[in-house]
Amino acid sequence: TITIGTKFDQPLFGLVGPDGTPEGFDVEIGKLIASELGIPADKIEWKESVSANREPFIQNGEVDIVIATYTINDKRKEVVSFAGPYYMAGQSILTLADNEDITSEDDLVGEPVCSVTGSTPAAKLAEIGAEPVLTDTYSNCLEPLRSGAVVAVSTDNVILAGLAAQNEGEFKVVGTPFTEEPYGIGLALE
């Protein structure tokens, strides 16, 4: 058996389906890895991993690996190891579909923007002068965006595309990606 940490709320990458099983790109990567290790898909235990608990889950052995839109960076390499990258994403911006005021990261300066605790996009927002409003999952950013409590949600373009697709006509992804986010597979340091 293998225990794999992944997101449960990210359309296209790791989203729990109606039967309670996660599905998406990261999940398929997990199945491929398990298969190469001789472990059938029905012997994978999926554990929900939000951005803030990925390192602790790996460090304390709650999971064998994490495949969860997990950007490889030097700070994280101090506490966990990575395989990959297996996908190159980039930070972008999600706004309400009718918002014409925000077209790039420059328009986020001084504005409240939702992201998640422990993520590289949250750190980048603070660095560019936005006012990060942090929560545990990106899906929890949608209601503050709808209500006007934040002007945008910012994270990796593929995550935002999934949220926009799941809520057709309500949101749009704007601008061009302003970072490079190489997704890797997190595992314990040797």
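Which residue stands opposite Ile4 in strand 6? The residue is Ile65. The model is a predicted one, in which local features need pLDDT of at least 70 and side-chain atom pairs count only at pLDDT 80 or more, while totals for chains, interfaces and linings use all residues. Residues are numbered from 1 along each chain as its sequence is written, and side-chain values use heavy atoms, with hydrogens and water left out.

Helices (H or I, at least four residues) and strands (E, at least two) are DSSP runs, numbered from the N terminus. Two strands are taken to pair if DSSP finds at least two bridges between them. Strand 1 and strand 6 (residues 65-66) run parallel and are joined by two bridges. Strand 5 also runs parallel to strand 1, with five bridges between them, and here Ile2 stands opposite Ile44. These strands belong to an open sheet of five strands with mixed pairing and the order 5-1-6-13-7. Its edge strands, strand 5 (44-48) and strand 7 (80-89), each pair on one side only.

Is strand 1 enclosed or open to the outside? Five of its five residues are buried, so strand 1 is largely enclosed by the rest of the structure. Buried means under 20% relative accessible area, exposed over 50%, and partly exposed in between, with a 1.4 Å probe and protein chains only. In a regular strand the side chains alternate between the two faces of the sheet. In strand 1, Ile2, Ile4 and Thr6 point one way, and Thr3 and Gly5 point the other way. For contacts, the criterion is heavy atoms within 4.5 Å. Not counting residues up to four places away in sequence, Ile4 touches Gly30, Ile44, Glu45, Trp46, Lys47, Val63, Ile65 and Ile67.

Helix 1 (residues 25-36) lies across strands 1, 5, 6, 7 and 13 (181-188). The helix runs at about 145 degrees to strand 5; axes are lines fitted to C-alpha atoms, for helices over the stretch in contact, and angles run from 0 to 180 degrees between N-to-C directions.

The next topic is the nonpolar core, defined as a set of buried Ala, Val, Leu, Ile, Met, Phe, Trp, Tyr and Cys residues joined through side-chain atoms within 4.5 Å. The largest such core has 30 residues, and those with the most contacts inside it are Ile2, Ile4, Ile67, Leu94, Val153 and Tyr183. At least two residues of this core come from each of several elements, including strand 1, helix 1, strand 9 and strand 13. Helix 6 gives the most to this core, with five residues.

Strand 8 and strand 12 run antiparallel and are joined by four bridges, and the bridge partner of Thr95 in strand 12 is Lys172.

Gln91 is in strand 8 (residues 91-96). At 0% relative accessibility, Gln91 counts as buried. A polar atom of its side chain lies 3.3 Å from the backbone oxygen of Pro121. Beyond its neighbours within four places in sequence, Gln91 is in contact with residues including Thr120, Pro121, Lys124, Ser154, Phe178 and Glu181.

The model holds one disulfide, where a disulfide is a pair of cysteine sulfur atoms within 2.5 Å. Cys114 is joined to Cys141, with an S to S distance of 2.0 Å. The two cysteines are 27 residues apart: Cys114 is in strand 9 (residues 112-116), and Cys141 is in the loop between strand 10 (131-135) and helix 5 (142-147). The torsion about the S-S bond is about -70 degrees, so the disulfide is left-handed. Both cysteines are buried. Thr135, in strand 10, is buried with a relative accessible area of 18%.

Terms used: Polar contact = N/O pair within 3.5 Å; in protein donor to acceptor, adjacent residues only side chain to side chain.
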